[in-house]
Every structure is written in structure tokens, then in C-alpha cells.
Amino acid sequence: LGVLIIFPYYYLVKLLFDKRVAMISTLILAFFSIHIQYSTYSMSEVPFAFFLITSLYFFFKFKKSTDKRLIDIIVSAIFLNMASMTRYEGWLFIPLLTVFAVIENKSVKKEYLKYSLIFLIVALIFPISWMVGNYHLYGDAFYGQTWSDKWIKTNTMLNPDSPWLNPPFYQKLTTWPGAVLHILNIISIFAGIGLLISLIKKKS
């Protein structure tokens, strides 16, 4: 998957920008040391990136096409399910892409609502199944996160029976955005700034 990701990545960047930018970006990815290193591990990062990039390719293929093919939005949602199976970060893209599906030229297109709804329903298949299964087995829809928190804090010599290890539902919902902010670093900040500048220049 570490090797195969160059194909959806190339076509995604080409779709959003042009062939030259896609070629340069793909070459950078192919020789990016962290990507090469993680591609040799049996961890979730590279599969997550592959499934997410593929999902984004089909999503923007839908957005860029004039005929708005339903199959593109469904395939995008299926790959987003697969990304959500590997890492919780994939869940964050479900509401973001659902909203973005109905936005065209800074306005909401009512005729796109059905596509947005279909995308949302398909993309939620795994997260809902996961939460229902957790609740049925453990009485906690977010058992995976709760178990992880307990394991980390137990192995840091905290009291495993502490109420702090079982936060209320609303605190669990705010954990994911907080985790995204926690992993921000100078590279991701500059990458985000570069992306915004590129998008602004492309529109102008």
C-alpha cells in the first residue's frame, strides 16, 4: 500500500492542480523518508493514508465532473469506511466531506443534497456498526477509546479506578479534534499554509 498510494495520490493532485504539480508532489512522496519507513511497518498509518487518499480522489472526481456520477460518491464513501476502520481520524472526514459535497462556488446547491445524503449514509456504515457493537458488548459505544485511555494511563502509574479515566460522553467527542490539534507541528503548519496559498492562486 505504501507503493500503491502513489497512483491515487498522483491523480488526486493532478485533478486538483495540474500534471506538473502532481509529478513533483508524487516524487516528493515517493522519496519521503517517513513514508518509506512507515511502509515497512505493520501499522495503521500507511493503510489509512492509502484509503483516505483514494477516497478523496473519487470525491473530488465527483466534484470536478459535470455529470456528477453517483458511483464516484459511493466509491469515495466506501474507501472512507476503510480508512475509518484503521484510524479514528477518518471519522473526522465524514461530516467535512458531507458538507463539502453540497457546496459549489461558495453556495449550497440543493440538487446536490441527495448525493450528500447518500455519501453520509454509506460513510457511516462502519462507524455506526462499530459503536453499536461496542455498546452491545461492553455498554460503551466508545469502548476502543476508553480502553486505550485506560491502558495508557494505567501504564503511567495512575490509579486505574480514577473517575478521570471514564470521562462523560461529551468529553469523548471532543477528544478527536483535540488530538488533531495535538499533532500539529511546523511541517504540517507550513504544508497547510502552502495548500491555502495554492488554492487562492488557482482561484485567482
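A residue counts as buried when its relative accessible area is under 20%, as exposed when this value is over 50%, and as partly exposed in between. The structure described here is a predicted model. By that scale Arg 69, with a relative accessible area of 38%, is partly exposed. Its side chain meets that of Asp 72 in a salt bridge, with 3.1 Å from N to O.

The structure holds four salt bridges. Another of them pairs Arg 87 with Glu 45, and the closest N and O atoms of this pair are 3.3 Å apart. Because Arg 87 lies in the loop between α5 and α6 and Glu 45 in helix α4, the bridge ties together parts that are 42 residues apart in sequence. Arg 87 is partly exposed, at a relative accessible area of 25%, and Glu 45 is also partly exposed, at 26%. The side chain of Arg 87 also meets that of Glu 89 in a salt bridge, at 3.2 Å from N to O. For Glu 89 the relative accessible area is 27%, so this residue is partly exposed. Through shared partners, the salt bridges join Glu 45, Arg 87 and Glu 89 into one network.

Lys 68 is found in the loop between α4 and α5. Most residues other than glycine have a negative phi. Lys 68 is not a glycine, yet its phi is positive, at about 50°. With a relative accessibility of 8%, Lys 68 lies under the 20% limit and so counts as buried.

Helix α5 (70-86) has 17 residues and reaches 25 Å from its first C-alpha to its last, close to the expected 24 Å. Its buried residues include Asp 72, Ile 73, Val 75, Phe 79 and Leu 80. Among the elements that cover the buried residues of α5 are α4, α6, α7 and α8 (125-138). Leu 80 itself, when neighbours within four places in sequence are left aside, is in contact with Leu 52, Ser 55, Gly 90, Phe 93, Ile 94, Leu 97, Phe 119 and Ala 123.

Leu 80 also belongs to the largest nonpolar core, which has 29 residues; Leu 12, Phe 59, Leu 80 and Phe 119 have the most contacts inside this core. Two or more residues are given to the core by each of α1, α4 (45-64), α5, α6 (89-100) and α7 (113-123). The largest share, 10 residues, comes from α4.

Helix α2 spans residues 19-30 and has 12 residues. From its first C-alpha to its last, α2 reaches 16 Å, close to the 16 Å expected at 1.5 Å a residue. The buried residues of this helix are Ala 22, Ser 25, Thr 26 and Leu 29. Because these residues cover an arc of only 100° around the axis, they lie on the same side of α2. They pack against α1 (6-16) and α3 (33-38). The face of α2 turned away from the buried side carries Arg 20 and Ile 28, which are exposed. At the start of the helix, a side-chain oxygen of Asp 18 comes to within 3.1 Å of the backbone nitrogen of Arg 20.

Terms used: Residues are numbered from 1 along each chain as its sequence is written. This is a predicted model: local features need pLDDT of at least 70, side-chain atom pairs count only at pLDDT 80 or more; totals for chains, interfaces and linings use all residues. Side-chain values use heavy atoms; hydrogens and water are left out. Helices (H or I, at least four residues) and strands (E, at least two) are DSSP runs, numbered from the N terminus. The expected span of a helix is 1.5 Å times one less than its number of residues. Buried means under 20% relative accessible area, exposed over 50%, partly exposed in between (1.4 Å probe, protein chains only). The arc is that of the directions from the helix axis to the C-beta atoms. Contact means heavy atoms within 4.5 Å. A polar contact is a pair of N or O atoms within 3.5 Å; within protein, one must be able to donate a hydrogen and the other to accept it, and residues adjacent in sequence count only if both atoms are side-chain atoms. A nonpolar core is a set of buried Ala, Val, Leu, Ile, Met, Phe, Trp, Tyr and Cys residues joined through side-chain atoms within 4.5 Å.
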